[in-house]
Amino acid sequence: MKKLNGVCLAASALILAAQPASAETIVVEAGEGAQERLQEALILAEAGDEIVLGAGRFALTDGLSLDVDSVTLRGAGMDQSVLDFTGQQGAGEGLLVTSDFVTLRDFALENPKGDGVKSKGADAIVYHRIRVTWTNGPDASNGAYGIYPVESTGVLVDGSKVSGASDAGIYVGQSRDITVRGSIVEANVAGIEIENSRNALVENNIATRNTGGLLVFDLPNLPIMGGGNVILRNNLVIDNDTQNFAPPGNIVAGVRRGTGILVMANDGVLIEGNILNNNPTAHVMVVAYTQEFNDPSYNPHARNVVVGQNLFGRGGDDPQLDGGEMLMAAFGGALPPVMWDGVAEGDDGLTVAEGVGGWTLGLTVAGQDLAEASPAPLDVPTPNYVFDEESVGAPAELLARIGG
């Protein structure tokens, strides 16, 4: 059994001590005045309370916020209780959570002007069967993130679904002890993105029809640095062929259509047991960060990236790369499943399991001009890096909260 994070244990004791003797169940139904009634319930809730959304469509004109610890917000199902932000006036997120030990489950958000659900500094948070949908499909005017926990310790995203995000469907940033599992991300720019975060487990998800399926990034000049110890396991990453619709200037605007898994400048990423098919640029891409930065603590290189045994189907047959046709001709009609830029500090940049095919751009310096690339078949060692699997994933208390 996974150990319970010490921070979560201490916080649990504080929350339990603060809870009233009898927590209440507060029911909020759809209909006239839903905006005021729901926001009032979120403000007046006390630790341990459960706010229950009735079935129906809640027509909302502004974002909602929750700042009370240990509250559950529960709907009748992700297709039954719908928070409809189509008429939202402001540009903020649909729901903002800034308190700890919150459980969000069984409801949907549609067409928020900004992000769907954002939780910031909210430790031990659970998203269970949450749907976020922009109903007009891929569009640069859609909100950036569907499910968006940031700066948190202990994050579980389970059984959720996001489509239409102009950045990432599920984004976990600057956090640690994370599990994203059993979720569907479709028609976003990035399906699932783990950024500047540690101890993340991404497993048993479906990433399809995005520009890129699963992304693991580390970026400079953020409050929390040093992402790594990430495992991407047993995911279905298929048909990621949507044109990139991110607004210009966004970091994911550079993701090539048809990317299955992309690792950039992270330390310790294991990719194994996934099924990847019909990702026309590359099933797996490993690269350094190439833009200028002035953060002395930042390492732009990908380190200790391990590509284990995965099931690779059709892919690399329509690469959105300069000279793609020539590359395909050189490699016999389609590019091998693993693409590496070749940039590393030493010999620990990338290792691949025996029998896994790949190729390298043959670059030597982060940011080097692609005109200086020397494409060649991949020749890297087999894996010997040891992951700290005991520390990967959300604390057991979060999984127990939803019964598994």
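Predicted model: local features only at pLDDT ≥ 70, side-chain atom pairs only at ≥ 80, totals over all residues.

Visitor: Which loop holds Gln 174, and what is its phi?

Guide: Gln 174 is found between β14 (168–173) and β15 (176–181). Here too a residue other than glycine has a positive phi, near 55°. Gln 174 is buried, with a relative accessible area of 8%.

Visitor: Where is Ile 251 placed, and which residues is it in contact with beyond its neighbours within four places in sequence?

Guide: Ile 251 belongs to the loop between β22 (236–238) and β23 (259–264). At 27% relative accessibility it counts as partly exposed. Setting aside neighbours within four places in sequence, its contacts are Phe 217, Leu 219, Tyr 289 and Gln 291.

Visitor: Let us turn to the domains. Into which domains is the chain divided?

Guide: The division gives domain 1 (24–114) and domain 2 (125–131 + 155–401). Their C-alpha centres lie 33 Å apart. Across the boundary, 14 residues of domain 1 are in contact with 11 residues of domain 2.

Visitor: How is the size of such an interface expressed?

Guide: It is often given as the accessible area lost when the parts come together. Between domain 1 and domain 2 about 1200 Å² is buried, with carbon and sulfur atoms giving 48% of that area. On the domain 1 side, Met 78, Leu 104 and Arg 105 lose the most area to domain 2, together 41% of what that side buries.

Visitor: Which residues touch the most other members of the largest nonpolar core?

Guide: Leu 83, Leu 95 and Leu 104 do, in a core of 68 residues. Both domain 1 and domain 2 give residues to this core, so it lies between them. A second, separate core has 32 residues, including Leu 262, Met 285, Val 287 and Met 328. Returning to Leu 83, its contacts beyond four places in sequence include Leu 38, Phe 58 and Phe 107.

Visitor: How many salt bridges does the structure hold, and how many does the rule find across the interface of domain 1 and domain 2?

Guide: The structure holds 14 salt bridges, and three are found across that interface. Asp 79 lies in the loop between β5 (72–74) and β6 (81–84) and Arg 131 in strand β10 (residues 125–133), so the pair ties together parts 52 residues apart in sequence. Asp 79 counts as exposed at 54% relative accessibility, whereas Arg 131 counts as buried at 9%.

Visitor: Which residues are linked with these two in a network of salt bridges?

Guide: The network links Arg 57, Asp 79, Asp 84, Glu 110 and Arg 131. Within it, the side chains of Glu 110 and Arg 131 meet at 3.1 Å, N to O.

Visitor: What does the UniProt annotation say of residues 94–217?

Guide: The unreviewed entry annotates them as "domain: Right handed beta helix". In the model, this stretch is 0% helix and 60% strand, with its end C-alpha atoms 25 Å apart.

Terms used:
Residues numbered from 1 in each chain as written. Heavy atoms only, no water. Core = buried A, V, L, I, M, F, W, Y, C linked by side-chain atoms within 4.5 Å. Buried < 20%, exposed > 50% of the residue type's maximum accessible area, 1.4 Å probe, protein only. Domains from an automatic or database assignment. Contact = heavy atoms within 4.5 Å. UniProt positions renumbered as here; feature names shortened; annotations may be inferred. Helix = DSSP H or I, 4+ residues; strand = E, 2+ residues; numbered from the N terminus. Buried area = accessible area lost by both parts, 1.4 Å probe. Salt bridge = Lys/Arg side-chain N within 4 Å of Asp/Glu carboxyl O.
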